Amino acid sequence: MNQAPTDRTRIRRVASNAHYDSTTLHAIIDDAYLCHIAFSDARGAHCIPTACWRGGEHLYIHGSNGSRMVRHLLENECCVSITHLDGLVLARSAFNHSMNYRSAMIYGRFQAVEGADARYALETLMEKLTPGRQADIRPGSDKEYAATTVLRIALTEAACKVRRGGPDDDETDLAWPAWAGVLPWTRAPMAPQPDPACTISAPAYVSDWLRRG
Ligand SMILES: Cc1cc2nc3c(=O)[nH]c(=O)nc-3n(C[C@H](O)[C@H](O)[C@H](O)COP(=O)(O)OP(=O)(O)OC[C@H]3O[C@@H](n4cnc5c(N)ncnc54)[C@H](O)[C@@H]3O)c2cc1C
């Protein structure tokens, strides 16, 4: 993106935490397995979680052709949101408690990705989940690909907000006798759980899972 913010992406509240550069936005998307997509229709407002991945200057999602969300997103504006929680910030007063985070909001309209581009995009998703697995699994059938819609939204109108660091206490609270600081938080992989019917030894992308952050 690296673009000036628009009226709706200009971060006004704690503007010092705003970022509008591609490097920050790409890193937030690449560290996410899911996003939330907000839109409204005749039944009101919705915010739906779904898997996401990045390809170049687009964020991709996929879904069943029959999905209400998929059909709606192809014809209407939406807002995609991603959040990573990095820590709980404990201040000396309840009022100044906060959280460390990296978040992104992307605005616009999704477009359908067709044919070979859609298949390539789905392989990119598999590569993101488990690098190298695409070569191990049964290739998708024409029927399966035909039942799936791949959509992408351009990363042209987006805002990122990042908070780092310790508590921002009032000067008059600094002598208050309460512990203050950050309780760091991260998402962590856990030990793989093989399917009981699986007799295949674990490939590298499984045995290396615990080393992935
Ligand atoms: C983990 C987490 C916890 C939070 N907890 C709180 C809380 O308890 N209370 C609270 O008031 N706020 C909280 N925030 C901040 C919240 O996301 C908003 O930034 C804040 O409430 C200001 O909203 P606003 O619409 O008034 O901001 P404005 O600055 O007026 O927003 C203008 C535009 O900036 C962009 N923008 C705003 N916030 C974000 C964001 N977080 N990420 C990317 N773009 C953004 C949007 O495009 C928005 O339309 C939290 C954020 C995170 C990620």
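Colleague: Which residues have the most contacts inside the largest nonpolar core?
Modeller: The model is predicted. Its largest nonpolar core has 30 residues. Those with the most contacts inside that core are I29, C52, L59, A104, I106 and A158.

Colleague: Take C52 from that list. Which residues does C52 touch, not counting residues up to four places away in sequence?
Modeller: C52 is among the residues with the most contacts inside the largest nonpolar core. Residues up to four places away in sequence are not counted here. The residues C52 touches are I29, A32, L34, C35, L59, Y60 and I61.

Colleague: I61 is on that list. Is I61 buried or exposed?
Modeller: I61 is found in strand β5. The cut-off for a buried residue is 20 or more other C-beta atoms within 10 Å. I61 has 24 such atoms within 10 Å, so it counts as buried.

Colleague: Which residues is I61 in contact with, leaving aside its neighbours within four places in sequence?
Modeller: One contact, L151, is also the bridge partner of I61 in β9. C52 is another contact of I61.

Colleague: How many Å apart in space are I61 and I28, C-alpha to C-alpha?
Modeller: In sequence, I61 and I28 are 33 residues apart. In space, C-alpha to C-alpha, the value is 16 Å.

Colleague: How many bridges join strand β5 to β9?
Modeller: Strand β5 covers residues 58-64 and runs antiparallel to β9. I61 pairs with L151 in β9. The number of bridges joining β5 to β9 is seven.

Colleague: And how many bridges join strand β8 to β9?
Modeller: Strand β8 spans residues 111-113, and β8 and β9 run antiparallel. A112 has L151 as its bridge partner in β9. Q111 has R152 as its bridge partner there. The number of bridges joining β8 to β9 is three.

Colleague: Why is strand β9 largely enclosed by the rest of the structure?
Modeller: Strand β9 covers residues 148-154. It is largely enclosed because, of its seven residues, the number buried is five.

Colleague: Which strands stand at the edges of the open sheet of four strands?
Modeller: The order is β4-β5-β9-β8, with antiparallel pairing. Each edge strand has a single partner strand, so one side of each is left without a neighbour in the sheet. Neighbouring strands of this sheet are turned by 45° against each other on average, direction ignored. The edge strands are β4 (53-55) and β8.

Colleague: Which helix packs on the sheet?
Modeller: This helix touches β4, β5, β8 and β9. Its direction makes about 125° with that of β4. It spans residues 115-129 and is helix α3.

Colleague: Now the ligand. Which strand supplies the largest share of the shell around it?
Modeller: β6 (78-90), β7 (98-108) and β10 (158-163) each supply at least two residues of the shell. The largest share is five residues, and it comes from β7.

Colleague: Which residues come nearest to the ligand?
Modeller: There are 15 residues around the ligand. They divide into eight nonpolar, three polar and four charged. Those that come nearest are R12, R13, S103, A159 and K161.

Terms used. Residues numbered from 1 in each chain as written. Predicted model: local features only at pLDDT ≥ 70, side-chain atom pairs only at ≥ 80, totals over all residues. Buried ≥ 20, exposed ≤ 12 C-beta atoms within 10 Å, placed from the backbone. Pairing = 2+ DSSP bridges. Near = placed C-beta within 6 Å. Nonpolar A, V, L, I, M, F, W, Y, C, P; charged D, E, K, R; others polar. Axes fitted to C-alpha atoms, helices over the stretch in contact; angles between N-to-C directions. Contact = placed C-beta atoms within 7 Å. Core = buried A, V, L, I, M, F, W, Y, C linked by C-beta atoms within 7 Å.
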